Amino acid sequence: MTLVAQSCTPFLNRIATPAYARPAKSTGQYLFSTTYQVSSGRIARTFSSKTVQPNMNKIRVAVVGIGGYGQTYVNQFLQGDVANAELVAGIDLAPERYRRLDEMKAAGTAVYTSLGEFLDNDSADLIAIASPIHLHCEHTSQALERGINVLCEKPLTGSIEEAEQMLRAEQASGKFVAIGYQWSFAPAILNLKADIAAGKFGRPLSFRCLSCWPRPVSYYQRNNWAGRIRTEDGRPVLDSPAANAHAHHLHNMLYLLGPKTAESDFPARLTAELYRANDIQNFDFGAFRILTENKVEIVFLSGHSLQYRLGPIFHAAFEEADISYAPYGNSGSWLARMKDGSVKDYGIGSSDKLAVCIEAVRSNGEVPCGIRAAAAHVTVICGALESMPQIKAIPAESKTVIKSEDSELVTVNHLEEVMTQCYEMGLLPSEIGGVEWAASGKEVDMSKRGRMFREAR
Ligand SMILES: NC(=O)c1ccc[n+]([C@@H]2O[C@H](COP(=O)([O-])OP(=O)(O)OC[C@H]3O[C@@H](n4cnc5c(N)ncnc54)[C@H](O)[C@@H]3O)[C@@H](O)[C@H]2O)c1
């Protein structure tokens with residue numbers, strides 16, 4: 001496996017960050033949760049179309065999944081970072097998983113061990129749902145039935161059918177469902193998206209993204225659904241790097257190419273290569289080529305079974321401009337370079353999505369990223385498994401296991417170079433030549449999947 005080592009090393013050096021020096025406990029998975037610098041009210045007002053009196057009371061918020069990512073929201077409340085709202089309940093099957101539980105209770109927040117128990121005893125104006133992927137549809141539908149707005153975590157869900165069910169539940173309720181892709185709530189992305197939709201850069205031609213963050217074995221052991229296609233009782237999860245940690249980056253390309261604010265471009269055709277190095281059901285690294293409805297070719301490379309962190313790094317070619325994003329530490333900048341040499345810097349993609357949703361409840365406004373925008377990502381994730389239903393297992397001789405104090409990391413030898421070369425060439429691993437474990441998927445027609453979302457536009 002010598003093919004790529006020399007050719008892309010300078011490029012790789014620029015984008016790779018040694019990541020597995022960290023203890024397994026802090027895997028850095030909450031990358032986007034630390035930098036909040038957006039004036040949320042401004043965003044919510046931008047999308048507000050109805051003339052209804054604003055709610056001047058404090059918005060009552062409940063959070064599901066406080067033992068996992070949901071703690072990000074509770075921490076915001078405990079730090080006094082949330083304006084015009086109060087945290088009425090923290091909900092989790094195992095609330096003791098939240099390290100600041102006593103502090104939360106002392107602040108007057110009630111604790112429930114199921115969403116049903118909370119809904120039977122109390123209510124809220126907004127529920128932030130950070131439960132496992134296979135529960136997003138059920139929990140969102142339960143909240144909507146009680147007339148409560150929802151901020152549900154990404155990915156939307158694990159199947160197109162459930163995504164459609166969620167849209168029907170939202171339409172019947174008259175409330176909103178926001179999907180927690182924080183970049184899609186950020187002025188940088190929303191301004192860039194508006195300029196793309198206005199045709200400022202000409203027609204989009206191609207979009208690429210490379211995004212790989214190492215995840216140790218303990219990442220897959222933290223619950224009973226990580227790395228699974230279906231739960232033990234048969235619910236669709238489709239958890240993978242492309243559906244979870246790097247879902248942001250895949251969704252972001254589809255979202256930026258969408259014709260209107262809360263819409264994404266959808267896949268028409270798709271080819272995927274899916275590989276597993278860990279002992280899991282689903283893939284732990286993969287490569288997708290997507291031809292979108294609007295005839296843009298997307299190449300997306302993501303994974304966890306490597307030693308060094310790569311990206312996220314993006315490049316989009318338009319008729320009149322190149323748009324790119326490269327990371328600097330935990331942030332980066334979106335730049336548009338016009339053919340005449342001028343450059344527009346859109347800034348970074350972070351946002352306070354909770355504040356945007358609170359403001360949308362208060363002002364009866366709309367949210368920039370909801371079910372219709374997030375459904376394109378689910379369609380791609382389902383299509384990837386149709387393209388390559390038999391995930392290719394990486395042979396033992398192509399893997400190295402790196403041990404740490406409390407876990408171990410399964411890596412594929414030279415994967416950093418393979419993925420980087422794929423990114424530079426816009427190809428999938430089986431197409432660059434010389435990758436002994438590579439295997440190709442079949443091209444699938446996705447143009448008739450998720451019709452409800454395409455027609456709702
Ligand atoms: N936006 C982001 O940057 C970001 C980052 C990480 C995770 N997430 C998303 O958050 C969601 C949860 O991921 P995670 O990594 O925190 O998972 P996790 O398994 O670590 O945590 C989930 C929590 O939900 C609780 N839970 C499970 N079943 C429940 C039920 N029926 N009712 C109430 N609580 C229940 C568990 O006890 C656990 O505390 C996923 O959708 C994931 O993609 C988003």
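Modeller: Start with the shell around the ligand. Domain 1 (9-28 + 184-349 + 370-452) and domain 2 (31-183) each supply at least three residues to this shell. The domain bounds come from an automatic or database domain assignment. Keep in mind that this is a predicted model: local features need pLDDT of at least 70, side-chain atom pairs count only at pLDDT 80 or more, and totals for chains, interfaces and linings use all residues. Residues are numbered from 1 along each chain as its sequence is written.

Now the members. There are 27 residues around the ligand, and Gly-65, Gly-67, Gly-68, Tyr-69 and Asn-223 come nearest. A residue is near a molecule if its C-beta atom, placed from the backbone, lies within 6 Å of it. By type, the shell has 12 nonpolar, 10 polar and 5 charged residues. Here Ala, Val, Leu, Ile, Met, Phe, Trp, Tyr, Cys and Pro count as nonpolar, Asp, Glu, Lys and Arg as charged, and the others, Gly among them, as polar.

Next, the core. The largest nonpolar core has 137 residues, and Val-61, Val-63 and Leu-126 touch the most other members. Such a core is a set of buried Ala, Val, Leu, Ile, Met, Phe, Trp, Tyr and Cys residues joined through C-beta atoms within 7 Å. Buried means 20 or more other C-beta atoms within 10 Å of a residue's own; exposed means 12 or fewer; partly exposed is in between. Helix α12 (residues 371-387) gives this core its largest share, 11 residues. Helices (H or I, at least four residues) and strands (E, at least two) are DSSP runs, numbered from the N terminus. The core lies between domain 1 (9-28 + 184-349 + 370-452) and domain 2 (31-183), because both give residues to it. In soluble globular proteins, nonpolar side chains tend to be buried together.

Look at Leu-126. Leaving out residues up to four places away in sequence, Leu-126 touches Ile-59, Val-61, Ile-148, Asn-149, Leu-151, Cys-357, Ile-358 and Val-361. Contact means C-beta atoms, placed from the backbone, within 7 Å.

Last, some backbone details. Most residues other than glycine have a negative phi, and most peptide bonds are trans. Lys-154 and Pro-155 are joined by a cis peptide bond, with omega about -15°. Pro-155 sits in the loop between β6 (149-152) and α7 (160-173). Leu-238 has a positive phi, near 55°. Leu-238 counts as buried because it has 24 C-beta neighbours inside 10 Å.

Methods. Two residues are in contact if their C-beta atoms, placed from the backbone, lie within 7 Å.
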